[in-house]
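Hello,

Here is the structure I promised to pass on. Please open it first, then read my notes below.

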Amino acid sequence: MNELYIIAAGSMVAISCGLLGCYLILRKMAMVGDAISHAVLPGIVIAFLIAGNRDSVTMLLGAGLIGVFTTFLIEFLHRKGNLQSDASIGVTFTWLFALGVILISVYAGQVDLDQECVLYGEIAYVPLDLWILNDGTNLGPRTLYVLSLVLVGIIAFILLGYKELFLTTFDPAYAAAIGVSATLWHYLLMGAVSFTTVAAFESVGAILVVALLIAPPATAYLLTDDFKVMLIITVVLGVLISILGYYLAASIDASIAGAMSTVAGALFALAFFHD
Amino acid sequence: MIQQVDNPVLEVHDLTVSYDKKPVLWGIDLTIPQGSLVGIIGPNGAGKSTLIKSVMGLIPLGSGYAELFGKSLDDVRDQVSYVPQRGTVDWDFPASVMDVVLMGRYGKLGLFSRPKKADREAALTALRQVGMESYVNRQISQLSGGQQQRVFLARALAQQADIYFLDEPFAGVDAATEKAIITLLRKMSDEGKTVIVVHHDLQSVETYFNWIILLNTRLVASGPMEEVFTQQLLQETYGGKLTLLSEVGNLLKKGQFPNREKAI
Amino acid sequence: MSELLQFLSFEDPNTRYVVTGTVLLAISSAIVGSFIFLKKKALVGDAVAHSVLPGVCLAFMLSGNKNPVYLVVGAFITGWLSLVIIDQIVARSRIKEDTAIGLILSVFFGLGIMLLTKIQHSGNAAQSGLDSFLFGKAAALVGTDVIVFSTISIILLVVVFIFFKELTLIAFDEDFAKSIGFPVRRLELVLTTLTVMAVVIGIQAVGVVLMAAMLITPAAAARFWTDQLRVMLLLAAIFGAFAGVFGAFVSYTAPAMPTGPWIVMIISIIAMFSFFFAPRKGILYKMVKQRRIQKKIRDENILKMFYQLGEADGDYFSSRTSAALSERRELASGQLASGLSRLKRHGYLKSDKEGWQLTIEGKNKGQRTIKLHRLWELYLTQYLRIAPDHVHDDAETIEHIITPELEAKLEKLLEYPEVDPHMSKIPYES
C-alpha cells in the first residue's frame, strides 16, 4: 500500500511537471524552468517560517509567487541591465538558491527542512505524513491531496488555454498580431511552473524537478510529430519513470528521486538511439 | 513623389520607430488606397519589416500613429492579417498543417472556445486557395520552404481579412510557389482586398505591384508604380544612407537621448 | 571582531590552507568563467558542475576511499562526458541546446544523487564528508588537498596565459577565427578541459549545486566595469578571490556551515552592486544620466523662450516674468523655477526685482538652439520629404543634440539658408 502511495505521488509530480515541460522545451525555456525551480527555495523557507508548518495553501501561493518574481528579475537584468540572457538566468537563480540554503541552516531549529532534502526530497516519507482530521479520521497521505490539486489545476490550465498556449508557443509574433497576448501567457505558464515546483519540492526536491520538467518531454519530442501525442507520451513516461524509479531505488537502497531522474535519462537515451 | 489618397485603408502618420534609441524609421507619412497590391522596397536595414511590424503593433512607436480603415488596430483586428517571415518560427514544432492554418481562426474565437466545423471549413478553403489541401494532415517539419510559405499564407487567408501584410513572402521559395503566390495575391487585390508586401527583389517589382513604397529609414516615395519606380527615385533609395541622419541617429543612441520630447 | 583578526593573522596553518585553497579555486573559476561568459555559455558551465557528482561517487565506489586524485579523475571524466553528450544531442537530433543542457544537468545530477545516497546508506565509514561536495566545505580542505588543487589551479592559469590570444579570439568571434585558420575545434577542447578542471577543483569550496555562480557571476560583475578583456579577467579574479576569502572565514567561524552558499551570496551582492552602480553601464548610472539630459533639455528650452520673446518684441535683453514664460510653454512651475536658478548659476541669466534677463551667453545659447531647430526642420523637409507641419516635434528633440561639428555640416549642406519651412528667419552668429 505504501508503495502505491509513493508511486502515485511520483507519478503525479512527473505528470504535472512533464505537461508543463512540453511547453517549456518548445519555447526554448528549459533553463528558465530550471531557474524557477531553484529560485522558489527561499520563498518556501520564509513561508515555512511564517506559517509554521507545511500544510498551508498560503505557502504554496506565496512561494509560487516568488517563482513569478524570478521571471521578472531575469527580464529586468536582461532588458534594463543589458546583461546577456544566459547570465541573467545564472546569476538570478544561484543567489536565490544560496539565500534559501543559508536561511535553512540559520533557522535549522525552526524549519523542518534539511538542506540536502531540498535537493532531492524524500518521497519515501509520503505515506508517513498523514492527514488526520480533528475527529481522528485518517484521510491518507496529505501530499497526495496537494499533488492531486496541483495536477487538476494544471490539466484545467492546459485544457482551457489550449489554443492560446499552442499559438504563443509556436508563433508569438503572429499571436500578438491577432490580439493574443504572448506576454500574458508567458507569465501564466511560468506561474504554473512555480506552483508545481513548490508542490513537488517536498517529494522530489528542487533540482530533480528539473529532470521531470525536461526529460520526459524531450523524449516525447523525439518520438512524435504531433503535439497532442507528445503530451500523452509525456504522461505515460511520467508514470513509467515513477514505477521504475521506485523499484530501482528499492533494489539498491538509494534516493527514489535520484533513481527517477536516472530512469528518465535512460528512457531518453533509448529514444535517442532508437532514431 | 509622395501621393496621398482620400479614404485610405492604411494611414501612417509621422511615424518614428527607434531601436535602442536609434531611429530606424523617421517621420513616415503615407496613405494607401483600397485594393492596391503594394510593394515595400528598400535596401537591407531600411526599416521595411519594422514598418509593418509597427503598424501591426508588434513594436512600440516612438511617435506618430497608424490607422487602418480609419480606426486603431485594436478595433479592426479581425480585418487585418499578417504573414511573418518564415524564419521566425521553428519548423520542427510538432504541429500539422491544419493546426497551423486553424490558428488564423483564433482571433475570431474567444478564450476557452474550440474551433468549430465552420472554422475547419474556412481553413480547408484557405488551403485550397494555396494549393495545399492534400497536405492538410502533414506535419510541418516535413514541408519544403515553398510549402511552408504557402501554409503561412493559408493561415492568413483563413482569417478572411480585408488587408494583408506579408513580410518577404518570396524569400527562399521555388519559382512555382512564387508564381502561385503572386497569382493568388493579384486575385485578392482584384477582389478588393489590400495586400502590402515587403519585397526584396527589384527585378519583379514592375510586374508584381501597382503601388510602390520606397523606404530607406525615411520615406523616399509612395505612389502608383509607374510614377514611383523610376531610376532617379531608386537611386535615392539605394544610394547610401543620409549621412547626417545616420550621425544624428548615432548621437541619439550614444547619448541615450529620449526620442521625442514629451512636454518638458 | 577578534575572530576576524585572528583569522586574518593566518597563524593557524589550517586557516592558511583553507584560504589559499579557496582563493586559488575562486580565481581559477573566475578566469575560466570569463571566457565562458563571453561565449554566452554560462549555463553549460552549470551543466558541467552538476555532472561531476556521479563521477565523484563512482570514483569513491570503485576505489573505496576519498583520495583526492581519484575523485578528481572521476569528476573530470563525467564532467567531460556531459559536454560531449550535450554536443551530440544537439548535433544529431532536433533537441535544442537549452533542452539538452537542462536534460544532462538534471539527469547526471540525479544519477549522482542516487549513487551518493546509496553510498550513504551503505554505512561505509569512509564516505562521511562526501556530501560536502554538494554545497562545499572549505573547512574540509587539508594540506594534501590544497597541494593537489593548487597544482591544478596553477596549471590552469598557465594554460590560460599561454593561449590567451587564441582563447580571446574564439570567445569573441569564432567565425573569424575559423576563417584565419585557427584550429578552433582544438581550442574549444582546451577551453572545455579548462572548464572541467575549474569545476572539479571549485566544487570543494562551493559545491556542485552553486558552482555555476563561481564561473559566471564574477565575470558578469566585472563586465560592467570595463570593456577590456584583461581588466575584466583581473576584476573577475579579484571579486572571486574576495568572495572566496569570505567563504573561508565563514568556514573558520562555523565549521558545520556549508561554505558554498555564503561565497555565492557575497559574489552575487558584488554583482548586483556592479549592475546598479558601475559607471557607464550601471542601471542607476543610466538613470542619473537620463535625469541630467532632461535638465539640459529643459534649460535650453527656457533660454529658447527668452530668445523667442525677444524676437517678438525686438528686445532680447528685456526683463521677463515667470508668468510670461509659463504662458509661452507648459512647464511645471517647480521645474521652471529650478531651471531659472540653475541657468542663473551658470551665467546664462541674471535677475532683479523686475524679473529675469538674458546675459550675452544666454542669448547666444538660446539663439543657437533656435538656429539648430530651424535648420533641422529645413533638413527634414528637403531631404526626408517630410511635410512642414510634421517637422516641429522632431526638431524639438534634435535641436538639443546637434554638436558644433554636425552644425557646420548641416549649414553647409543646406547652403546657409535664410529661412526655415515656416518662413522664420534663421539666426547666424554675428
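Start in chain C, where C:L349 stands opposite C:L358 in β2(C). Please keep in mind that this is a predicted model.

**The hairpin in chain C**

That pair belongs to two strands, β1 (residues 349-352) and β2 (residues 355-358) of chain C. They pair in the antiparallel sense, over four bridges. Two residues sit between β1(C) and β2(C), and the strands form a hairpin.

**Two helices in chain C**

Next, look at helix α11 (residues 211-223) and helix α12 (residues 229-253) of chain C. They pack at an angle of about 125°, and their axes are 8 Å apart. Angles over 145 degrees would count as roughly antiparallel, and 65 to 115 as roughly perpendicular. The angle therefore makes α11(C) oblique to α12(C). The crossing of α11(C) and α12(C) is right-handed.

Which residues make the contact? From α11(C) come C:M214, C:P218, C:A219, C:A221, C:A222 and C:R223. From α12(C) come C:M232, C:L235, C:A236, C:F239 and C:G240. By class, nine residues of this contact are nonpolar, one is polar and one is charged.

**Where chain A meets chain C**

Helix α2 (residues 30-51) of chain A packs with helix α5 (residues 97-121) of chain C. The angle is about 40° and the axes are 7 Å apart. α2(A) and α5(C) are therefore oblique to each other. On the α2(A) side, the contact uses A:A30, A:M31 and A:D34. On the α5(C) side, they meet C:D98, C:T99, C:I101, C:G102 and C:L105. By class, the contact of α2(A) with α5(C) has four nonpolar, two polar and two charged residues.

**Where chain A meets chain B**

How much area do chain B and chain A bury between them? The value is about 2500 Å², with 65% of it on carbon and sulfur atoms. Chain B gives 31 residues to the contact and chain A gives 24 residues. On the chain B side, B:F93, B:P94 and B:Y106 lose the most area to chain A. Together these three account for 27% of what that side buries.

**The sheet in chain B**

Chain B has an open sheet of six strands. The order is β5-β6-β7-β3-β8-β9, with mixed pairing.

B:I163, for one, has B:T194 in β7(B) as its bridge partner.

**Two residues to check by eye**

Most residues other than glycine have a negative phi. B:Q160 is not a glycine, yet has a positive phi of about 50°. B:Q160 lies in the loop between α5 (145-158) and β6 of chain B. C:M423 is not a glycine either, and has a positive phi of about 70°. C:M423 is in the segment after α19 (404-414) of chain C.

Best wishes

Definitions and conventions: Residues numbered from 1 in each chain as written. Chains lettered and ligands numbered in written order. Predicted model: local features only at pLDDT ≥ 70, side-chain atom pairs only at ≥ 80, totals over all residues. Heavy atoms only, no water. Pairing = 2+ DSSP bridges. Axes fitted to C-alpha atoms, helices over the stretch in contact; angles between N-to-C directions. Parallel < 35°, antiparallel > 145°, perpendicular 65-115°, else oblique. Left-handed = near helix turned anticlockwise from the far one by under 90°. Contact = heavy atoms within 4.5 Å. Nonpolar A, V, L, I, M, F, W, Y, C, P; charged D, E, K, R; others polar. Buried area = accessible area lost by both parts, 1.4 Å probe.
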